[in-house]
Amino acid sequence: MDEIGQYLRNMRAQAPLVHNITNFVAMNVMANVLLAVGASPAMVHAREEVAEFAALAQALTVNIGTLDPAWAEAMELAARTMAARGRPWVLDPVGVGATRFRQDVCARLLDLRPSVIRGNASEILALVGLGAGGKGTDAADSVAAAEEAARDLARWTGAVVVVSGPVDFITDGSRGWRVENGHALMPRVTALGCSLNGVIAAFVAGDPGPEPVVAAMACYGLAGEMAGRAAQGPGSFAVAFLDALCAVTPEDLTRDARVLAL
Ligand SMILES: Nc1ncnc2c1ncn2[C@@H]1O[C@H](COP(=O)(O)OP(=O)(O)OP(=O)(O)O)[C@@H](O)[C@H]1O
Ligand SMILES: Cc1ncsc1CCO
Ligand SMILES: [Mg+2]
């Protein structure tokens, strides 16, 4: 892997336009996260314009958090555009274990070959369950338990798979990395997982493959650590986290990333 800070430097030099079809909860947080880290966000979801808009973007994220049928159609149209143009797109299968609707939509989206799939341990296990005939999952599934499932999902779909949690796991099906950066307040602020998808998309916009995804995860976790030192609780953490995403330098990332190649 190159010097890890280089991926942040490259991303900021490109300042990629990231098109996001995300949930109502995440839209504002995610747009601010992307601006803070140095990318350019757009939240666009109408069926009538998503394909045209996706053609302008360097990367796309799709998040099924507040799904409805019109949005599901828009997600497929936008993902199809990226796939046809060979541009990266990131899928976040929020709560895919919970309902049939989410499972059906995710199965269709997986056919459109996401470049990256990012979820928490339960979501990754549930997605693998779609391929294996729908085995059940537990909301408390650990990242460690999901590592093998993530490798299976990566081999099955061709995507880089990320399991986020106290320690993140990233795999392309053969290689694997653990990223230990992060802060315990991150899961106490809504939509920081959803917003992470945008940062991953920004890092892979100019540079496909698992290495920029690993760098995005370390960068996000490191910003969490910086924010954690300034915060009094979840509210001030959310503000400090935006400041930290803006302040973190490539040199900080190279020095303080805690990445284990397996
Ligand atoms: N206990 C923890 N300690 C340190 N970092 C954590 C912890 N839990 C999550 N993170 C970090 O928080 C970020 C978001 O991951 P998380 O797994 O919470 O996403 P999520 O469950 O999809 O969140 P949401 O659905 O609320 O958007 C990642 O960078 C991850 O490393
Ligand atoms: C709270 C919530 N509900 C649906 S999506 C979402 C944002 C975190 O995934
Ligand atoms: Mg999530």
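Biologist: Why is Ala 191 counted as buried?

Modeller: Ala 191 has 20 C-beta neighbours inside 10 Å. A residue is called buried if 20 or more other C-beta atoms lie within 10 Å of its own, exposed if 12 or fewer, and partly exposed in between, with the C-beta atoms placed from the backbone. The count for Ala 191 therefore meets the limit for buried. Please keep in mind that this is a predicted model, in which local features need pLDDT of at least 70 and side-chain atom pairs count only at pLDDT 80 or more, while totals for chains, interfaces and linings use all residues. Residues are numbered from 1 along each chain as its sequence is written, and chains are lettered from A and ligands numbered from 1 in the order in which they are written.

Biologist: How do you know that the length of helix α4 agrees with expectation?

Modeller: Helices (H or I, at least four residues) and strands (E, at least two) are DSSP runs, numbered from the N terminus. Helix α4 covers residues 69-85, which makes 17 residues. The expected span is 1.5 Å times one less than the number of residues, so α4 should span 24 Å, and with its end C-alpha atoms 25 Å apart the two values agree. Buried residues of α4 include Trp 71, Met 75, Ala 78 and Met 82.

Biologist: Why are β2 and β9 called edge strands?

Modeller: Two strands pair if DSSP finds at least two bridges between them. The open sheet has 9 strands in the order β2-β1-β3-β4-β5-β6-β7-β8-β9, with mixed pairing. Strands β2 (40-43) and β9 (259-261) each have a single partner strand, so one side of each is left without a neighbour in the sheet. Strand β1 (residues 17-21) pairs with β2 in the parallel sense over 4 bridges, and one bridge joins His 19 to Ala 42 in β2.

Biologist: What makes a residue part of the shell around ligand 2, and how is that shell divided by class?

Modeller: A residue belongs if its C-beta atom, placed from the backbone, lies within 6 Å of the molecule; among those around ligand 2 are Asn 23, Val 25, Thr 190, Ala 191 and Cys 194. Ala, Val, Leu, Ile, Met, Phe, Trp, Tyr, Cys and Pro count as nonpolar, Asp, Glu, Lys and Arg as charged, and the others, Gly among them, as polar. This gives 5 nonpolar, 5 polar and no charged residues. Around ligand 1 there are 19 residues, divided into 9 nonpolar, 9 polar and 1 charged, and the largest share, 4 residues, comes from α8.
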